[in-house]
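Visitor: I have a structure open and would like to learn how to read it. Could you walk me through it, one kind of feature at a time?

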Amino acid sequence: MASLWYGGLLRLGSGLSLSCLALSVLLFAQLTGAAKNFEDVRCKCICPPYKENPGHIYNKNISQKDCDCLHVVEPMPVRGPDVEAYCLRCECKYEERSSVTIKVTIIIYLSILGLLLLYMVYLTLVEPILKRRLFGHSQLLQSDDDVGDHQPFANAHDVLARSRSRANVLNKVEYAQQRWKLQVQEQRKSVFDRHVVLS
């Protein structure tokens with residue numbers, strides 16, 4: 001049952017990674033083949049209030065040479081001789097951005113996020129199944145009766161040998177926790193049973 005579930009998780013993880021890879025390739029192909037989008041450049045004019053007209057911001061996708069009030073502000077809120085006075089008050093800026101760089105950054109971010117998600121699924125679902133299969137429940141947890149006065153750290157040395165063979169961070173943390181529990185247990189025996197205080 002566990003191996004079937006484990007196999008299903010592996011297939012799910014490989015399917016997710018393949019779909020992320022395919023999506024990345026498709027987006028990269030679209031990015032390399034596309035020319036500059038019309039949204040990558042714009043002229044932005046900020047016009048303050050003038051007489052009875054409120055202030056307004058105008059945006060238009062035009063070339064840099066046409067980036068002025070006469071080409072961007074449509075419809076013109078004033079008529080006749082006030083047009084020149086109105087346009088002198090407007091501040092127009094040509095803005096350009098690289099949508100290719102933005103898209104590539106998003107793809108990299110989503111790819112890293114997907115890899116972290118797969119790693120989290122592995123740590124929460126697959127790692128405990130493998131640990132149970134390899135070591136069993138009885139070897140990791142040992143009762144007070146099994147630990148004698150002659151070898152208080154026997155189980156800790158066992159866990160250390162396993163952590164060296166597998167060499168991953170979780171086993172090292174588990175070993176340190178087991179060793180700490182055994183040290184606390186030995187100190188309790190020394191203080192309460194034998195009335196010996198460490199110097």
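Guide: Gladly. A word on annotations before we use one: UniProt positions are given in the numbering used here, feature names are shortened, and annotations may be inferred rather than shown by experiment. This is a predicted model, in which local features need pLDDT of at least 70 and side-chain atom pairs count only at pLDDT 80 or more, while totals for chains, interfaces and linings use all residues. Residues are numbered from 1 along each chain as its sequence is written, and side-chain values use heavy atoms, with hydrogens and water left out.

Visitor: Which residues does the UniProt annotation "transmembrane region" cover?

Guide: In the unreviewed UniProt entry, that annotation covers residues 106-125. To describe the chain there, we use DSSP runs numbered from the N terminus: helices are H or I runs of at least four residues, and strands are E runs of at least two. Residues 106-125 come out as 100% helix and 0% strand, with the end C-alpha atoms 28 Å apart.

Visitor: How many helices and strands does the protein have, and in what pattern do they follow along the sequence?

Guide: There are 7 helices and 3 strands. Along the sequence they read α-β-β-α-α-β-α-α-α-α.

Visitor: What percentage of the residues is buried?

Guide: Burial is judged by relative accessible area: buried means under 20%, exposed over 50%, and partly exposed in between (1.4 Å probe, protein chains only). Of the 199 residues in the protein, 25% are buried. Among the contacts with a separation of 6 or more, 60% are between residues 24 or more positions apart.

Visitor: Let's turn to covalent links. How many disulfides does the structure hold?

Guide: We call a pair of cysteine sulfur atoms within 2.5 Å a disulfide, and the structure holds 4 of them. Counting bonded cysteines along the chain, the pattern is 1-4, 2-8, 3-7, 5-6.

Visitor: Which cysteine is joined to Cys43?

Guide: Cys43 is bonded to Cys67, S to S 2.0 Å. Since Cys43 lies in strand 1 and Cys67 in the loop between strand 2 and helix 2 (69-72), the pair ties together parts that are 24 residues apart in sequence. Both of these cysteines, Cys43 and Cys67, are buried.

Visitor: And which residue is the disulfide partner of Cys45?

Guide: Cys45 pairs with Cys92, S to S 1.9 Å. The link is right-handed, with 110° about the S-S bond. Cys45 is buried, at a relative accessible area of 0%, whereas Cys92 is partly exposed at 26%.

Visitor: Where do the residues of the Cys47 and Cys90 disulfide lie?

Guide: First the bond itself: the sulfur atoms of Cys47 and Cys90 are 2.0 Å apart. Cys47 lies in strand 1 and Cys90 in the loop between helix 3 and strand 3, so the pair ties together parts that are 43 residues apart in sequence. Cys47 and Cys90 are both buried. The torsion about their S-S bond is about 115°, so this disulfide is right-handed.

Visitor: Now for charged side chains. How many salt bridges are there?

Guide: The rule asks for a side-chain nitrogen of Lys or Arg within 4 Å of a carboxyl oxygen of Asp or Glu. By this rule there are 5 salt bridges. One of them joins Arg97 and Asp40, whose closest N and O atoms are 4.0 Å apart. Arg97 lies in the loop between strand 3 (91-96) and helix 4 (99-135), and Asp40 in the loop between helix 1 (2-33) and strand 1 (41-47), so the pair ties together parts that are 57 residues apart in sequence. Arg97 is partly exposed at 46% relative accessibility, while Asp40 is buried at 6%.

Visitor: Which residue forms a salt bridge with Arg42?

Guide: That is Glu95, at 2.6 Å, N to O. Arg42 is in strand 1 and Glu95 in strand 3, so the pair ties together parts that are 53 residues apart in sequence.

Visitor: Is Lys51 buried or exposed?

Guide: Lys51 is exposed, with a relative accessible area of 59%. Its place is in the loop between strand 1 and strand 2. The side chains of Lys51 and Asp82 meet in a salt bridge (3.3 Å, N to O).

Note on methods: Contact = heavy atoms within 4.5 Å.
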